[in-house]
Amino acid sequence: MPSQDALLLAVWNWLNRMRDRNPRRLAVLLVVTGVVLAVLGWYFRPWLHAVVYGLYTTPIVLPVVVLGLVVLALLRPRLGTPGAAQVALVLAGFMLFVGIGGAGLLAGEELGKTTMTRSDTAGNLSETDPAKPRVVPQSVATRYASNTLNFPQYRIAGGDITVRNGTPYWSYALAPDGTFNHLTKRQHGTVLVDMTEQNAEVDTVVGDLQKGIGPAFYNNYRFETLKRADYLVQYQDPYMVVHEGEQYIAVPYTKPEFHWLPLPYTTPEWGGVVLLDRDGTVEDLSPAEARDHPALSGQKLYPFDLTRRKVAATKYRNGIVNTFTSHEDEIEVAPVPGEGNSQPFLVFTEAGPEYVVAVEPYGQAQGLKEVWTIDARTGEYERYSPTASLFGARKATDYVRQAARTTDWNRFTPSEPIPVVVDSQLYWQVRIVPEDSSGIAYTAFVNARSSDVHEVTTTAEVTAFLRGEQVDDGGGDGQPGDRTPTLVVERVAPNGTVVGTLEIYDDETVRVRQGNATATNATNATTSPSSG
């Protein structure tokens, strides 16, 4: 098989022969080939978006290319074309590497300082809306949606929060499953999982979308969006919207803002929202138009990735050099446990839907440095700095592990510690889920100041806690959401001293096994708390 160099040489030789024999035919051939490539490139321009947008938002490339051409022109008389080209290429590559790194740092500093300047300082956090609690984590919702799926030719795709009739849901697209279906079918509908109910409350809205999530490019929303809406923007992950029985796909996007000194670079800003209806019609909406659109009423509109990027960039509030030296007042977005999801978290407060980002001091510290809240409809930033010492999201999960001494942490894991505010007190709401995300064992609320842990197991108890209602559990702490055990098992030493207790609740059973049991004398009893 001939090598690539051999093929290129053969083509070059053929073009030279064509030029010598019939230059007019060669010119026509080249023009026709160029036109065909241009038409194909224009039609399939969505496939080229990543490269085109990458070059467009990296303006440092242009001066580097110009520099390389200047070097090539200056060195060509002395070194010849091959030698000058090699030197110019190496120099341009080095300058491009250094320039992109420097431009990235400048972009981060600009984004961080602008975010600090344009954000307001909040004296307190908005109270969590008890009517819209965030109960089901994303990993569990995905499992619920998969377990209830009864369409053999389709699978669930995506996974984002949407609002339907005032209730927040995890939304998924019914995408074609398998190669043949991928090529021949369209998105078949939307799967909605109620995130305010602990049990699997799943609703499926059926109806093919002309341009949807998951099919081949000719039936795909992204291909259609990049052809019909703005091309030189960055589209974020789509999410499904169901409004008055109609299905829509909403896609927030960012656009670049150019800066030219001391090096050319760009920073992202919110550009708007693209909305596709069931027939594939594309509406490119500005932020103001999106807020006024009836199908997007109550929905989050501001881009998720932009929120995280802007808050993370505030680590440059004291300059670039500070992040390499003393790290004074430097922050980092707190890493949180939870499969398939990370900050920011979308919560529903009495002021409306908000993104919440908890940040910690740079390094090993796990205290709560700041809480950023971003209006999910307007993109307005607020920064709350606690006056008292509060611990952060990672430490909250440690307190949950310490409090639940009977939980098998080899089989369960804390998930998505989100900040909630009840009676002006900050709590971390932590869901405890099995490793396979098959459900929710219980929910723990951890007081960010006192580290008190309050466990609840039902949706009603979660709502009661968020409302500040008190449920007496006999423990005397008078905290909302506690519950009364139906059976208490005491471990008693030979001298009669109680060395340990185990509380059993009405949704649990007791299994007793004899440690040195044999096949003839083994004891294996299961006792219901209600009968004890």
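## A buried loop residue

Let's start with Asn 220, which sits in the loop that links strand E5 (202–209) to helix H7 (221–228). Keep in mind as you look around that this is a predicted model. Is Asn 220 buried or exposed? Its relative accessibility is 15%, so Asn 220 counts as buried, given that buried means under 20%.

Which residues does Asn 220 touch, once those up to four places away in sequence are set aside? They are Lys 211, Gly 212, Gly 214 and Pro 215.

## The nonpolar cores

Next, have a look inside. The largest nonpolar core has 82 residues, and Leu 296 and Trp 428 are the ones that touch the most other members. Strand E17 (residues 425–434) gives this core its largest share, six residues.

Beyond its neighbours within four places in sequence, Leu 296 is in contact with Tyr 239, Val 241, Ala 250, Val 273, Leu 275, Leu 285, Ala 290, Leu 301 and Arg 377. There is also a second, separate core, made of 17 residues, with Tyr 221, Tyr 235, Val 251 and Tyr 253 among them.

Leu 67, Leu 91, Phe 94, Met 95, Phe 97 and Val 98 make a nonpolar surface patch of about 560 Å².

One of these residues, Leu 67, belongs to helix H4 (residues 61–118). Why does Leu 67 count as partly exposed? Its relative accessibility is 34%, and partly exposed covers values between the buried limit of 20% and the exposed limit of 50%.

Note on methods
Residues numbered from 1 in each chain as written. Predicted model: local features only at pLDDT ≥ 70, side-chain atom pairs only at ≥ 80, totals over all residues. Heavy atoms only, no water. Core = buried A, V, L, I, M, F, W, Y, C linked by side-chain atoms within 4.5 Å. Buried < 20%, exposed > 50% of the residue type's maximum accessible area, 1.4 Å probe, protein only. Helix = DSSP H or I, 4+ residues; strand = E, 2+ residues; numbered from the N terminus. Contact = heavy atoms within 4.5 Å. Patch = residues over 30% accessible without salt bridge, like charges linked within 9 Å, V, L, I, M, F, W, Y side chains within 5 Å. Areas by Shrake-Rupley, 256 points an atom, 1.4 Å probe, with all protein chains shown as cover. Salt bridge = Lys/Arg side-chain N within 4 Å of Asp/Glu carboxyl O.
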